Amino acid sequence: SSFGRVGVNTINPAAMFEVQQRDNRGFLLKNPNGDYWEQTVTHDNNGFPPPTLQFYHNGTFKASVSNITGTWSPVSDARLKTNVISLTPVLDKLKKLIPCSYEMINDNPNKERTIGFIAQEVKNIFPEAVNYTSAKLDGAKTNLYTLNYTALGVVAIKAIQEQQQLIDELKARIDKLEQIILTRK
């Protein structure tokens, strides 16, 4: 360490803690069971694709963060999916969701408000968008619900498609009624 800084694979760290990646292996976070998350920065000699921060769970690619926009991109490649089924109509279910404004209890001294949903309510309508995980809350281990907001974006697109189909059907009916009215004149 130099000047209170810690470096891994570097003798002159530029930050309080710096890890220099030497190959395609990155930074591992492992639990006692051997499960691990790995973070790595992609790189090659010609600059394509551009470098991204990548996340792997137990060696399986899960997501990346763009170096240009900071966009979080979960893996969605068809080669990694099986038993793909088109969504059934969602518009009626989507109308049951209750968007709300709320304050988070923890780490929110200024009582800042945010918008979103309550995971327990969404679970009753779109259970695929809700996860249950073990986590610490106020120092004690408990089970908490998390919400996959990305999944709700997919549901919203499906609802827009359903609405467009209804609009197209109504437009066809209006056109037909206009033709009937015009032929009666």
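Four salt bridges are counted in the structure, a salt bridge being a side-chain nitrogen of Lys or Arg within 4 Å of a carboxyl oxygen of Asp or Glu. The structure is a predicted model, in which local features need pLDDT of at least 70 and side-chain atom pairs count only at pLDDT 80 or more, while totals for chains, interfaces and linings use all residues. Residues are numbered from 1 along each chain as its sequence is written, and side-chain values use heavy atoms, with hydrogens and water left out.

Side chains of opposite charge can pair when their charged atoms come close. One of the salt bridges joins R79 to D77, with the closest N and O atoms 2.7 Å apart. R79 is exposed, at 74% relative accessible area, and D77 is partly exposed, at 27%. Another salt bridge is formed by K95 and D92, whose closest N and O atoms are 3.6 Å apart. K95 is exposed at 61% relative accessibility, and D92 is exposed at 57%.

A further salt bridge links K171 with D175, the closest N and O atoms being 3.2 Å apart. K171 and D175 are four residues apart in helix 3, and therefore about one helical turn separates them. Helices (H or I, at least four residues) and strands (E, at least two) are DSSP runs, numbered from the N terminus. An α-helix has 3.6 residues a turn, so residues three or four places apart point the same way. D175 is partly exposed, with a relative accessible area of 32%.

Helix 3 covers residues 149-184, which makes 36 residues. From its first C-alpha to its last, helix 3 reaches 52 Å, close to the expected 52 Å; the expected span is 1.5 Å times one less than the number of residues. The N-terminal end of helix 3 is capped by N148, where a side-chain oxygen lies 3.1 Å from the backbone nitrogen of T150. L152, V155, K158, A159 and E162 are buried in helix 3. The buried residues of helix 3 pack against helix 1 (91-94), helix 2 (119-125) and strand 11 (140-147).

T52 belongs to strand 5 (residues 52-57) and is buried, with a relative accessible area of 16%. Apart from neighbours within four places in sequence, T52 is in contact with T40, V41, T42, S64, V65 and S66. S134 lies in strand 10 (residues 130-137) and is partly exposed, at 40% relative accessibility. When residues up to four places away in sequence are not counted, S134 touches K141, T142 and N143. S134 and I68 are 66 residues apart along the chain, and their C-alpha atoms are separated by 33 Å.

V6, V8, M16, F17, V19, F27, L29 and W37 make a nonpolar surface patch of about 750 Å². Patches are made of residues with over 30% relative accessible area and no salt bridge; like charges are joined within 9 Å, and nonpolar side chains (Val, Leu, Ile, Met, Phe, Trp, Tyr) within 5 Å. Accessible areas come from the Shrake-Rupley method with a 1.4 Å probe, and for residues only the protein chains shown count as cover. At least two residues of the nonpolar patch are supplied by each of strand 1 (6-8), strand 2 (17-19) and strand 3 (27-30). F17 is found in strand 2.

Conventions
Buried means under 20% relative accessible area, exposed over 50%, partly exposed in between (1.4 Å probe, protein chains only). Contact means heavy atoms within 4.5 Å. A polar contact is a pair of N or O atoms within 3.5 Å; within protein, one must be able to donate a hydrogen and the other to accept it, and residues adjacent in sequence count only if both atoms are side-chain atoms.
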